[in-house]
Amino acid sequence: MTQRIEDYAVIGDLQTAALVGADGSIDWLCLPRFDSAACFAALVGDEENGHWRLAPKGADRCTRRGYVGDSLVLETVWETRTGTVRVLDFMPQRDTSPDVVRIVEGVSGSVEMAGTLRLRFDYGSVVPWMRRVDGHRVAVAGPDSVWLRSEPEVKTWGQQFSTCSAFTVAEGESVAFVLTWHPSHEERPGRVDPHESLRHCLEDWASWAAHCTYEGPYRAEVMRSLITLKGLTYAPTGGIVAAPTTSLPEELGGVRNWDYRFCWLRDSTLTLGSLVAVGYLAEAAAWRNWLLRAVAGDPADLQIMYGLAGERRLPEFEVNWLGGYEGSVPVRVGNDAANQLQLDVYGEVMDSLFISRQAGLAPEKHVWNLQLSLLGFLESTWREPDEGLWEVRGPRRHFVHSKVMTWVAADRAVRTLENDRSLHGEVERWRAMRDEIHREVCEKGFDPERNTFTQYYGSRELDAATLLIPHSGFLPPDDPRVLGTIKAVQEELSDGPLVRRYSTAAGSVDGLPGGEGTFLACSFWLTDALCMTGRHEEARELFEQLLALRNDVGLLSEEYDPVAGRLLGNFPQAFSHIGLVNTALALQPRDTAG
């Protein structure tokens, strides 16, 4: 039976991540990186496309589950007629090779366990050759090899191109499985002690969590979101992926299925702001440094997203042998939106570097010259139409959010020069550019009849991204145009606390068939806007309704379907968790500020 998106939890080692279902099955895992081909792809196909299930014999769904403390170690408890077991799933931070560790512990009575490991490399298409080597089951196909062993050794056998296992665990006993990936041309990987790895993993997470300075009323929710963001970080470079999955649909059975295993510039400002605000300056610096490496070069070539190490080529193709999550096809790998023109990213980069300076992150000498280069390009380009924040696949438009963010780029340059007289730059030039953009947006992007900013110049459609106008500083929160925009979004794009990005009705700008769910990040933006305009109790009420949409282990996807009552889109989603953290910070009482 297909698991709902909210039935999954995530484990990871800061270089990749796996999704573990409430039925005990790992249905998604890419090795060795987030953006590598999946060896378990049942999430967007079926069991024949790869999974690893470990559960009591005959059981369908666990009794309860949760993370151990402030960590990414997942504890799944199964209460059966004959006894109770718990399974600890985690991925140790790696030295060289990635490992998945699953420890089964007997809690009471005696429980018969059953396991099925079905490895399918290259997104579920390649069946590996299996053999036994020194107590391991070894799977090899092309460049990939996976080694599986158990401590103590349990009975395993091959069946229908899978490795099956059966064993019994009594109270006080444990059986540990270690699955290790490494390149097939290299020597066998070193052995990992599963129990020592568990101890170190929990210690590492506890130490990291202790650095959080947030002490507000939503500490548990904020901490879980921060741990999720840390888990989505590619440690070697500091890049943060939008999500560890591809093609979880924005509409069940629809075509809006995209690969999110890359790093978006749109996330940069909000991510940096949240990391700095809660005390994670090292992570903020790593993200800033990734950003600087990724955007280096000709400013005309600035992309909206990059690979984990700043790779620029992310070609999109369809994986036609996968049936999609609940029949939602196509399943896509890569993302052609990387080639779009989105003017807002120039503002995101400038704002991120402005925040970095304010936070005291050590500046590099070349950074200001890079910023001036970006501004010089934007000065001649900001009047052009673009595809906008939401990566529409229809015609380019003069999107209001994009224009506001070009204003942000000029504004942050002006403020940087005003704050640091040692920097060179033509402050009057950028001030004039800032003022010109402001006048045009207020003239062409605002509908005076309805008292709201619109999606693009001349449009009557709305865009939830305009909720960010007061946050950007473009207009003060008490400006009547801001208040009118909030009111219009609530009336036309909202369903209770939930907000759609924009209308997807026939003839909408995005050029795609079908619809989508409400967008959780936009829902947090509405809460923020209400808070900024003094409607604190209403904002708190909406925020707590949004918190109730998290799954049982505190995770959010990109979207939510209020009719079906289900999470939609790639999972877990960094943008949603960044929104949660920033809203909690906006709502916290001043005397508890971190």
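**A chat about sheets and overall form**

Q: Which order do the strands of the open sheet of three have?
A: In this predicted model, the three strands of that open sheet follow the order S26-S27-S28, and their pairing is antiparallel.

Q: And which are the edge strands there?
A: Strand S26 (518-519) and strand S28 (566-568) are the edge strands, since each of them pairs on one side only.

Q: How many bridges link S26 and S27?
A: Two bridges join S26 to strand S27 (residues 559-561) in the antiparallel sense, and in one part of this sheet Thr518 has Tyr560 of S27 as its bridge partner.

Q: What does S5 pair with?
A: S5 pairs in the antiparallel sense with strand S3 (residues 25-30) over two bridges, and also with strand S9 (residues 99-118), again antiparallel, over six bridges.

Q: Which residues are the bridge partners of Trp52?
A: Trp52 in S5 is the bridge partner of Ile26, while in S9 the partner of Trp52 is Leu117.

Q: Stepping back, how many helices and strands does the chain have?
A: The secondary structure of the chain comes to 14 helices and 28 strands, and of its 594 residues 62% count as buried.

Q: What about its radius of gyration?
A: The chain has 25 Å, which agrees with the value near 25 Å that a compact globule of 594 residues would have, and its C-alpha atoms fill a box of roughly 75 × 50 × 50 Å along the principal axes.

Conventions: Residues numbered from 1 in each chain as written. Predicted model: local features only at pLDDT ≥ 70, side-chain atom pairs only at ≥ 80, totals over all residues. Heavy atoms only, no water. Pairing = 2+ DSSP bridges. Helix = DSSP H or I, 4+ residues; strand = E, 2+ residues; numbered from the N terminus. Rg over C-alpha atoms; globule rule 2.2 N^0.38 Å. Buried < 20%, exposed > 50% of the residue type's maximum accessible area, 1.4 Å probe, protein only.
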